[in-house]
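Please keep the sequence and the model open while you read. My notes follow as numbered points.

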Amino acid sequence: MRKFIACLILGLAAALPASAKDQVTTFTLDNGMDVVVIEDHRAPVVVHMVWYRAGAADEPPGASGVAHYLEHLLFKGTENMESGEFSEVVARNGGSDNAFTSYDYTAYFQRVASDRLGLMMKMESDRMVNLRLTEQDIAAERDVILEERNQRVENSPGSLLREQKNAAQYLNHPYGTPIIGWRNEMRALDMEKALDFYKTFYAPNNAILIVAGDVMPDEVRALAEEHYGKLPANPDLPERARPQEPRQMAERRIALEDARVAQPYVTRSYLAPERDSGDQEKAAALDLLAEILGGGTTSLMAEKLQFETQRAVSTSAFYGGTSLDDTTFGLAVVPAPGVTLQQAEDAMDEVIATFMEEGVDSEQLARIKMQVRASEIYARDDVGRLANRYGRALTQGLTVEDVQAWPEVLDAVTEEDIMSAAQELFERNNSVTAWLTAPEVTQ
């Protein structure tokens, strides 16, 4: 039966293409703004996105949270629109809009009918250069982000642990500072800090326009030149040079006790290389390693810890390869009742040690590759996901060619590649192990 299943998996995998190229056109405006057009004519809908190559890791020292703060402020007024009018116009035209900030980018998007694309470009290009803020805007939105921190971080022991773990992982690189910011620095955010970040990074030569959906490249080019092409570039745009991590010489450990913890768990992260343009093979191996160790109910940690020995109720592994600088590879185990965190950590280490000794199961790898291929195909059903895929990659140093080659790179990964990547990865001096637990109850 095992041989039959393996043959079935391999047959299905062969039937799925390693990659199906997206219909993508790229060009650059005279002011340096990059444009990506992804055609999908199945529905008269378009996703319009502007991605800035600036995020939380590009903030000046002492102004943590200003990138996210500015994202909020861009929904205020401009020289041509009243505060809140942007989203009201999108809604009146049957669309939706939002924005998000990460370490390496800030992105703004609208999803509307295709014939409203010109209107979206008109409004988005306006707030790229014409933002107008009042002291009331500054104070009100600062209260909003502080409350957001309360809800998402201060009221969540798991979020507090992740924040502390990241700070321990990155001693020098700004990835160790939370995207939302440290509370004491958030309180000090003001008009000057917000506008300094805006004037430095919000310029066409630091932006990528991505339009995905029922559009033609020539149409997008004409509209982009009309609305964005007239905006001035920033000749003083700084190079994205960030402080890098020193050599890590010791394993790091933290433990957070919080009375609100209902389910203790242990997690560990290792410094890991990111996906690099033209050199994605190691990242692909780490991506598949995460699936092998903790990618669902058929993963090694689930099989060994949840089902065979029932020492855990949940296990996972994760790798964030799309990153401008060194990223992390993580593992997590939620112990079963009666299992201590030390026992859970020891069990996690047992799985890693056994894997390093026995190597990759070829049947499992074939099944994972088939799932990856299927996932690539299903992702093409959502133009928003497609636009996000390209936006994240391009703001973090990858190219359109890298994105399109990724499925083939994944498919070409061998068992030896995965074991080599694992050998380099599992260096305890590059790790942070974190425990989350409730205080012991004494009688």
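1. Contact here means heavy atoms within 4.5 Å. Keep in mind that this is a predicted model.

2. Start with Phe100, found in strand β4, residues 96–101. Leaving aside neighbours within four places in sequence, Phe100 is in contact with Met49, Trp51, Glu71, Tyr105, Thr106, Ala107, Phe109 and Asn388. Take Glu71 from that list. Phe100 and Glu71 lie 29 residues apart in sequence, yet their C-alpha atoms are 7.2 Å apart in space.

3. Next, the pair α4 (residues 117–129) and α9 (residues 217–227). Their axes come within 9 Å and cross at roughly 30 degrees. Angles under 35 degrees count as roughly parallel, so α4 is roughly parallel to α9. The contact uses Leu117, Gly118, Met121, Lys122 and Ser125 of α4. From α9 come Val220, Leu223, Ala224 and His227. The crossing of α4 and α9 is right-handed.

4. Now helix α13, residues 362–379.

5. Look at the start of α13. A side-chain oxygen of Asp361 reaches to within 2.8 Å of the backbone nitrogen of Glu363.

6. Which residues of α13 are buried? They are Gln364, Leu365, Ala366, Ile368, Lys369, Met370, Val372, Arg373, Ala374, Glu376 and Ala379. Note that Lys369, Arg373 and Glu376 are among them.

Technical notes:
Residues are numbered from 1 along each chain as its sequence is written. This is a predicted model: local features need pLDDT of at least 70, side-chain atom pairs count only at pLDDT 80 or more; totals for chains, interfaces and linings use all residues. Side-chain values use heavy atoms; hydrogens and water are left out. Buried means under 20% relative accessible area, exposed over 50%, partly exposed in between (1.4 Å probe, protein chains only). Helices (H or I, at least four residues) and strands (E, at least two) are DSSP runs, numbered from the N terminus. A polar contact is a pair of N or O atoms within 3.5 Å; within protein, one must be able to donate a hydrogen and the other to accept it, and residues adjacent in sequence count only if both atoms are side-chain atoms. Axes are lines fitted to C-alpha atoms, for helices over the stretch in contact, and angles run from 0 to 180 degrees between N-to-C directions. Angles under 35 degrees count as roughly parallel, over 145 as roughly antiparallel, 65 to 115 as roughly perpendicular and the rest as oblique. A crossing is left-handed if the near helix is turned anticlockwise from the far one by less than a right angle, and right-handed if clockwise.
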